[in-house]
Amino acid sequence: MGAPTPSAGRLANALVRENELVSGEIYRILLEAPELAQALHEGQFVNVSVGGEAKQLTRIPLSFTQVDEQEGTVELVYALIGPGTRQLSRVEKGETLSVLGPLGNGWNLSAPLHRVLLVSGGTGTAPIIAAAMALAKMGVDADVVVGARSSDLLWGIDALEAKVQGEVIAATDDGSAGEKGFASEPALALLAKHDYDLVLVCGPEPLMKVVSAKAISLGIACQVSLERTMACGFGACSTCAVKTVHAMKGACMDGPVFDASEVIFP
Ligand code: FES
């Protein structure tokens, strides 16, 4: 990776307004953090410190789904995937968390857009919801495919249906909700059906690889948001390496959003 550039992230103490189970192992936490709410751009992330034992002091990178600039709140969604997120799930309303952000680059929605395809899997749904909300505000049509292993891990459908101007399709590996199969299947069907200006994908790498390859073959711009272990979030630890056609890059500073044509997927 190249020399790190200064991070735009700032440390803030955020008041926890809500911290609740949404579905299966998925939690939603609502933070009161007015300056962060003003600064966050869709697709960026924050690093949250949850304290606890010294070995858990590493911050947890979390994507936001929505901000309310007037209320000064930021909504984050996380899955229980380790001791840090389990500790976070025990944080109660009224407590204060140290949050570093905004971090990363976020989605690039600056081109003239008419119709966008959004595809997510697992916790990748958080930045996809953020993009969907931004596109809805911009008046851009968007179709969204949300995938999960099973119905208890599927979330975000109601929020998306309430906002997006387009189809919202759920897919589960086991068929317990929505279409049976991987999110890539309805995504490829939509790519064959509509003319898109842009495709955004966040989720498991096989999903990003398949959908981005199809988009690129059709000449459609495609951005992927890569999930990596991110120990620092500001270019200091090299835990977030991404193999690209140019060089190794860091997901925390050069991403997490990359032009899909630049990324070498395994
Ligand atoms: S360099 Fe530390 S998370 Fe990217």
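Tutor: In this predicted model, a strand is a DSSP run of E with at least two residues, and strands are numbered from the N terminus.

Student: How many helices and strands does the protein chain have?

Tutor: The protein chain has six helices and 15 strands.

Student: What makes S238 buried or exposed?

Tutor: The term exposed requires a relative accessible area over 50%. The value for S238 is 51%, so S238 is exposed. This residue lies in the loop between strand 12 (221-225) and strand 13 (241-243). S238 is not a glycine, yet its phi is positive, at about 65°.

Student: What share of the residues of the protein chain count as buried?

Tutor: Of the 266 residues, 52% count as buried. The protein chain exposes about 12,000 Å², and 51% of this area comes from carbon and sulfur atoms.

Student: How does the radius of gyration of the protein chain stand against that of a compact globule?

Tutor: For 266 residues, a compact globule would have a radius of gyration near 18 Å; the protein chain has 17 Å, and so the two agree. The C-alpha trace spans about 50 × 40 × 35 Å along its principal axes.

Student: Which domains is the protein chain divided into?

Tutor: The division gives domain 1 (10-103) and domain 2 (115-262). Their centres, taken over C-alpha atoms, are separated by 21 Å. The contact involves 20 residues from domain 1 and 22 residues from domain 2.

Student: What part of the contacts with a separation of 6 or more comes from residues 24 or more positions apart?

Tutor: Such residues account for 64% of those contacts in the protein chain.

Student: Which peptide bond is cis, with omega near -5°?

Tutor: That is the bond from G101 to P102, and P102 has its place in strand 6. The bond from G255 to P256 is also cis, with omega near 10°. P256 is found in the loop between strand 14 (248-250) and strand 15 (257-259).

Student: How far apart are the mean positions of the positive and negative charges?

Tutor: The mean positions of the 19 positive and 30 negative charges of the protein chain lie 5 Å apart.

How values were computed. Residues numbered from 1 in each chain as written. Predicted model: local features only at pLDDT ≥ 70, side-chain atom pairs only at ≥ 80, totals over all residues. Heavy atoms only, no water. Helix = DSSP H or I, 4+ residues; strand = E, 2+ residues; numbered from the N terminus. Rg over C-alpha atoms; globule rule 2.2 N^0.38 Å. Buried < 20%, exposed > 50% of the residue type's maximum accessible area, 1.4 Å probe, protein only. Contact = heavy atoms within 4.5 Å. Areas by Shrake-Rupley, 256 points an atom, 1.4 Å probe, with all protein chains shown as cover. Lys, Arg positive; Asp, Glu negative; His and termini not counted. Charge placed at Lys NZ, Arg CZ, Asp CG, Glu CD. Domains from an automatic or database assignment.
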